[in-house]
Amino acid sequence: MDRLPPLNAVRAFEAAARHLSMTEAANELSVTPGAISRQIRALEDFLGVRLLERGHRQISLTRRGEDYFRASAKAIDIMREATQRLTRRSKRKQLKVRAYTTFAMRWLIPRLSGFHAAHPDVEVLLTASLDPVDFKKEDLDGAIRLGDGNWPGATSQRLVANILAPVCSPALLKTGPPLRKAADIAHHTLLHSIARPDDWGYWLDAAGAGSRVDARAGMTYQSSAMAYAAAVEGQGLAMAQLFLVEDDLKNGKLVMPFKKTIDMGSYTYYLLTPSHRAETASMRQFRDWLLDQFAHAGPRGSS
């Protein structure tokens, strides 16, 4: 039957072989040199081979001892690294947060390294879903949701102004039908998100073109992120939440063909936390960090 060698003896041998000194190995392991010598002899008896040549004041490795030292040192290093990873992970606090795919991809993930740098002891476990949040049934510390601020069983914190406006690629403005007034949108493809089917209707009504443009026509995508990607590729106009396309507007991948924007008021993004249990210190840190990020970004105005 295969058996493992006595692990304390292997550790003693590895230390002695690394230092080529019983005394230094003893100091490292906080035992006596005699204890190191006895452990190594026990290991040699177990293996049936001599690992060390013992001189009056020094030791050296036999050929088999050199082979066994390399193997034992590698095994100990693997165990040491695995232990360090496990203990580091156990000391970190896990924060379970749910967000929408578009919010996570276009806003949160690009900034999340900043939170980890400021709070290295907190590990954010981020998931994306359109499903409603039920803190009493789900193991979540927080969620970022779009709504009016009222969620049963949750405390909500408003994050950002939800300001809408059409966006498209610069190429579409050059090659497509002219976009001089809102009604001209009828000659273009509207790009929709399943999660926000009414946004085009809101904007068109506010722009005075609701009766002249079919707000439901066009292409529909599973997420706003996909609709924005289609807009970048020149496939039509997307109704954007401006804070989510800010980078694309800055780098010129997207443009706003109209100055008209609408502020959806209380219908915007909120950070939700369970109301039936106390907020953890980690969740407080994450909430404060989120609010600070949005405060420094600053909302776009509406017109």
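Two strands count as paired if DSSP finds at least two bridges between them. Helices (H or I, at least four residues) and strands (E, at least two) are themselves DSSP runs, numbered from the N terminus. This is a predicted model, where local features need pLDDT of at least 70 and side-chain atom pairs count only at pLDDT 80 or more, while totals for chains, interfaces and linings use all residues. Residues are numbered from 1 along each chain as its sequence is written, and side-chain values use heavy atoms, with hydrogens and water left out.

Strand E7 covers residues 163-167. Leu-164 stands opposite Ile-262 in E11, and E7 pairs with E11 (residues 262-263) in the antiparallel sense over two bridges. E7 also runs antiparallel to E10, joined by four bridges; there, Val-167 has Ala-238 as its bridge partner.

Is E7 buried or exposed? Buried means under 20% relative accessible area, exposed over 50%, and partly exposed in between (1.4 Å probe, protein chains only). Five of the five residues of E7 are buried, so the strand is largely enclosed by the rest of the structure. In a regular strand the side chains alternate between the two faces of the sheet. On one side of E7 are Ile-163, Ala-165 and Val-167, on the other Leu-164 and Pro-166, and both faces are covered.

Now the glycine. Gly-236 sits in the loop between helix H8 (224-232) and strand E10 (237-241). Gly-236 counts as buried because its relative accessibility is 2%.
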